Amino acid sequence: MAQREIPYKIYLEESEMPRNWYNVRADMTKKPAPLLDPDTCKPITAEALGKVFCEELVKQELDDTNRYIPIPEEILNFYKMYRPAPLVRAYCLEKKLGTPAHIYYKFEGNNTSGSHKLNSAIAQAYYAKEQGLVGVTTETGAGQWGTALSMACSYFGLDCKVFMVKSSYELKPFRREVMRTYGASVTPSPSDTTRVGRQILEEFPGTTGSLGCAISEAVEAATERDGYRYVLGSVLSQVMLHQSVIGMETKAALDKYGVKADVIIGCAGGGSNLGGLIAPFMGEKLRGEADYHFIAVEPESCPSLSRGKYVYDYCDTGRVCPLAKMYTLGSGFIPAATHAGGLRYHGMSSTLSELYDEGLMEARTVKQTEVFAAAEYFARIEGILPAPESSHAIKVAMDEAIKCKETGEEKVIVFGLTGTGYFDMMSYEKFHDGKMIDYVPTDEEIAQGLSKIPNIEG
């Protein structure tokens, strides 16, 4: 297809929105390893998962054969309030960097939650409502997922209980208040409101918490209340399925103007944004239809792909959740209280872990101060204040563009701008005041986390 003149922002029409989610597992020759029951260490059954998750979400979680899953009409109608999201050509950034590269970013911040998380939150709340549930529980790191879920639950009239990682609860009070504005209750984790929370506080006194801790508390809170289920904002296959709308819109927008991506970059915490962005492109690569260079960008403080092990591990610190085969630093690993709270999970999605293990994508780590320097540079040039999580992808996209300047290559670079950073100003303040530090876990700290991984073959 001949390339047309490309505008700054490429918008799809409502009629061009995807009407199905894309399940990349259907195109994987080697499927992700199954989740294991924590009591038996055998593949978990739908019945057992149904005690924790909504019935329809269990079906999606276990489905690795159907390539496309229809999006219910009510979810599609909700999506239309903020989707299709724009694919932006970063002309100003290209000019400032003096690069021959063409840089695009998929901007997911055009909704009140400020991030891509709403794509899955509204789907999970919809299925909870369809099942006749009273409410849901969850965890949140940076607060973007908790914000999105509180919005979705408010829309469907569901109760929403959020366990927020303590470090983020203290650093990001405005996120907390947005959740409360939408009717959610927010508890700093670990807390003394659950058995597992009290156990974690006893073992790690003074801890700033982790996503693994918050997950344990949220699961306990759900399973001990009638009419409640637990929902998760990343890591699980069902979440990446919902987030595939990001990649499908991105690919449709590029195809509309005859553009072929060379490098696709996403920040990587549990995998929701990265997995959603790369899904249809990875599908083409798996089917042998096209080739792309995928880069997962992690914080140096929590490098699960880069320094973790690919083994079965618990998904939570309290060891009450199913075990997943994934790249992990150990469920007991509690990372430093960095400002990219959404990238502090100890493991990585089983699907992305398998793709990474097969050499289908690259992982890089970046320091916290480098990330904020890139965020500030981007904000001054492109006019969007990015979330710290998204800024990991910005940093590496800029690195790749500078490489093109050095080599003269005219590559097309696409990255995910997962959301805005307006609730992260305390973090920006620390960066501007020179009080932000780079924390990199030592080999001994990594080894300590890995030493408690269960010895399960798979």
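Modeller: An open sheet has seven strands in the order 1-4-5-15-10-11-14, and the pairing is mixed. This is a predicted model, so local features need pLDDT of at least 70, side-chain atom pairs count only at pLDDT 80 or more, and totals for chains, interfaces and linings use all residues. Residues are numbered from 1 along each chain as its sequence is written, and side-chain values use heavy atoms, with hydrogens and water left out.

Colleague: Which are the edge strands there?

Modeller: Strand 1 (9-10) and strand 14 (362-366), each pairing on one side only. Strands (E, at least two residues) and helices (H or I, at least four) are DSSP runs numbered from the N terminus, and two strands pair if DSSP finds at least two bridges between them.

Colleague: How do strand 4 and strand 5 run?

Modeller: Antiparallel: three bridges join strand 4 (residues 87-89) to strand 5 (residues 102-107). Leu87 is opposite Lys106 of strand 5.

Colleague: Which strands does helix 11 lie across?

Modeller: Helix 11 (residues 237-256) lies across strand 1, strand 4, strand 5 and strand 15 (412-417), at about 140° to strand 5. Angles run from 0 to 180 degrees between N-to-C directions, with axes as lines fitted to C-alpha atoms, for helices over the stretch in contact. Contact means heavy atoms within 4.5 Å.

Colleague: OK, other topic. What's the strand order in the four-strand sheet?

Modeller: That open sheet goes 8-7-6-9, with parallel pairing. From one strand to the next, the twist averages 20°.

Colleague: What packs on that sheet?

Modeller: Helix 8 (residues 173-181) does, touching strand 6 (135-140), strand 7 and strand 8, and its direction makes about 170° with that of strand 7. Strand 7 (residues 159-165) pairs with strand 8 over five bridges in the parallel sense, and Val162 stands opposite Val186 in strand 8.

Colleague: Back to helix 11. How does helix 5 cross helix 11?

Modeller: The axes of helix 5 (residues 118-130) and helix 11 come within 8 Å and cross at roughly 125°. Helix 5 and helix 11 are therefore oblique to each other; under 35 degrees counts as roughly parallel, over 145 as roughly antiparallel, 65 to 115 as roughly perpendicular and the rest as oblique.

Colleague: Which residues meet there?

Modeller: From helix 5, Asn119, Ser120, Ala123 and Gln124; from helix 11, Gln238, Val239, His242, Gln243, Val245 and Ile246.
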